[in-house]
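Biologist: Could you walk me through this one? I'd like the overall picture before we get to the details.

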Amino acid sequence: MLRENFKMFITPFCEATPACLLVMVQGNIWLATIGHLQKAVETGFITGVGVLVLSFFTHPWLSNKYVVAGITGGMCFIADLLAHPSHFGTFTTEAIVTGAFTAIISLALNFAGKKFFIHVRTKLTKG
């Protein structure tokens, strides 16, 4: 139980933090400062806590990777709005882009992770 709860926090945290950092500096990682990293970690933390809290209510839906990506992206949108003001566009533009980017990262990691673990499992069982 504790391991599942930790995973429900750490996975969205690790997806939202780099997404927020990259969107905040508009893709130019050389412009990132400690302040940017602090705000990105704060956004990731709020996203992780939000997904963890929602997982208590939406547990049956969490088997669908698209729902998980939507929940993670939506929570990242809310977290980005709460954590800092927008660096471009209107006050919601950056949060929308960050949420969408986080959802894409979540889906990509879900697809790549399953293929990687299936590959490792077949290697281990053959050897």
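Modeller: Of the 127 residues in the protein chain, 34% are buried, and please keep in mind that this is a predicted model.

Biologist: At what angle do the axes of α1 and α2 cross?

Modeller: They cross at roughly 145°, with the axes coming within 7 Å, and the crossing of α1 and α2 is right-handed. The contact of α1 with α2 is made up of 16 nonpolar, eight polar and one charged residues.

Biologist: Switching to the surface, which residues form a nonpolar patch there?

Modeller: That patch consists of M1, F45, V49, V53, F56 and F57, which together have about 680 Å² of accessible area.

Biologist: Take M1 from that list; where is its place, and is M1 buried or exposed?

Modeller: M1 lies in the segment before α1, which spans 2-24, and M1 counts as exposed because its relative accessibility is 71%, where the cut-off for exposed is over 50%.

Biologist: And what about V53, where is that one?

Modeller: V53 sits in helix α2, and V53 is classed as partly exposed because its relative accessible area is 41%.

Definitions and conventions
Residues numbered from 1 in each chain as written. Predicted model: local features only at pLDDT ≥ 70, side-chain atom pairs only at ≥ 80, totals over all residues. Heavy atoms only, no water. Patch = residues over 30% accessible without salt bridge, like charges linked within 9 Å, V, L, I, M, F, W, Y side chains within 5 Å. Areas by Shrake-Rupley, 256 points an atom, 1.4 Å probe, with all protein chains shown as cover. Salt bridge = Lys/Arg side-chain N within 4 Å of Asp/Glu carboxyl O. Helix = DSSP H or I, 4+ residues; strand = E, 2+ residues; numbered from the N terminus. Buried < 20%, exposed > 50% of the residue type's maximum accessible area, 1.4 Å probe, protein only. Axes fitted to C-alpha atoms, helices over the stretch in contact; angles between N-to-C directions. Left-handed = near helix turned anticlockwise from the far one by under 90°. Nonpolar A, V, L, I, M, F, W, Y, C, P; charged D, E, K, R; others polar.
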